[in-house]
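Dear colleague,

I am handing over the structure we spoke about, so that you can look at it alongside the notes below. Please open it first and then read on.

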Amino acid sequence: MSETAELILHHYDFSNYAEKARLALGYKGLTWRSVIIPPVAPKPELTPLTGGYRRTPVLQIGADIYCDTKLILRELERRQPQPTFYPTGAAAIGEAIAYWAEHQLFRPISLYVSGTNLDLLPDNLQADRSLMRGLPVPDAETVRRAARRNAPVARIQIARVEEILSDGRDWLAGPAVTVGDFAVYHALWFISARSERLAHELAPYALIRNWMGRMREFGHGSFSPMTAAAALEVALGAQPAPLRASDPFAEDPQPGTNVRIRADDYGRDAIEGELVLIDAEEVALRRRDPKTGDVVVHFPRLGYDLRAVTSRS
């Protein structure tokens, strides 16, 4: 790696997006520290780092905090370019596959899996996820009905993954691994992450199962546990890394502006701070917390709503 600060992943075991990040770390052959966080709010030892962002996972590198796996993979690529997530000639196709997987494929899978494994999930998980989406807290039968409605939608799309692989390609975008493989993998991984009750949904698809086996071979890299308190101490003892120059569009807030950012789909907790970086791929805010000192919180550009904070009189 070109930079030596420890990689600290804040995650929990059955998070599918965390599995995407863990597998990406393994693909790059990286060493990292593992901080286990609660799967539901409150997350009192994560909030000081992120300013309120509570989706999983979060990557911490000193006093720099990277939110959303779209940006986490880009940051890993920047620090260790090979092997690449973005091969020449296939990067855009890989990102298009990833967008489909994370906006169309995973949602019905998550509802099907959650309703099927309701007895195995934390008691307040469904309430937490509904609140993150601004929806009423469902009762158990509502969750089970959602599972039944979404099972066919999941099956239709799983069959399409098999069809993509049917021409003999090794990876979804062609001959090389891309971010699309990691995005589709974590959606399908979730089917049996908590139990084998739905393993039959993948059983007919030999090409998918062989491809998932190749993905699993990447492993999770080399990691060791770290406490959340120790991670806060790391941030407090560090300074954010120097930033590259911004390249805003004419319509964007300018660096130095006080802004707020939040996801545009769910988990829309607003994070406020000073805009210190903005370009076509990334937005970064500087903020301060007594438990961390100054930190810079980084977000991907796409999928997030950024606005200047108007003064309140």
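Predicted model: local features only at pLDDT ≥ 70, side-chain atom pairs only at ≥ 80, totals over all residues.

Together with helix α1 (residues 16–27), the strands β1 and β2 form a β-α-β unit that is right-handed. Strand β2 is also joined to β5 (residues 222–225), again in parallel, through 4 bridges, and here W32 has F223 in β5 as its bridge partner.

Turning to helix α5, which spans residues 125–132, the residues L125, Q126, D128, S130 and M132 are buried, and the elements covering the buried residues of α5 include α4 (91–116) and α6 (140–164). After α5 comes G134, which has a positive phi, near 70 degrees.

The residue I would ask you to look at with some care is S195, which lies in the loop between α7 (179–189) and α8 (206–216). S195 counts as buried because its relative accessible area is 14%, and the cut-off for that term is under 20%. Its side chain makes a polar contact with the side chain of N117 at 2.5 Å, while the side chain of S195 also reaches the backbone nitrogen of R197 at 3.2 Å. If neighbours within four places in sequence are set aside, S195 is in contact with N117 and L120.

Key. Residues numbered from 1 in each chain as written. Heavy atoms only, no water. Helix = DSSP H or I, 4+ residues; strand = E, 2+ residues; numbered from the N terminus. Buried < 20%, exposed > 50% of the residue type's maximum accessible area, 1.4 Å probe, protein only. Polar contact = N/O pair within 3.5 Å; in protein donor to acceptor, adjacent residues only side chain to side chain. Contact = heavy atoms within 4.5 Å. Right-handed = clockwise from strand over helix to strand, strands pointing away. Pairing = 2+ DSSP bridges.
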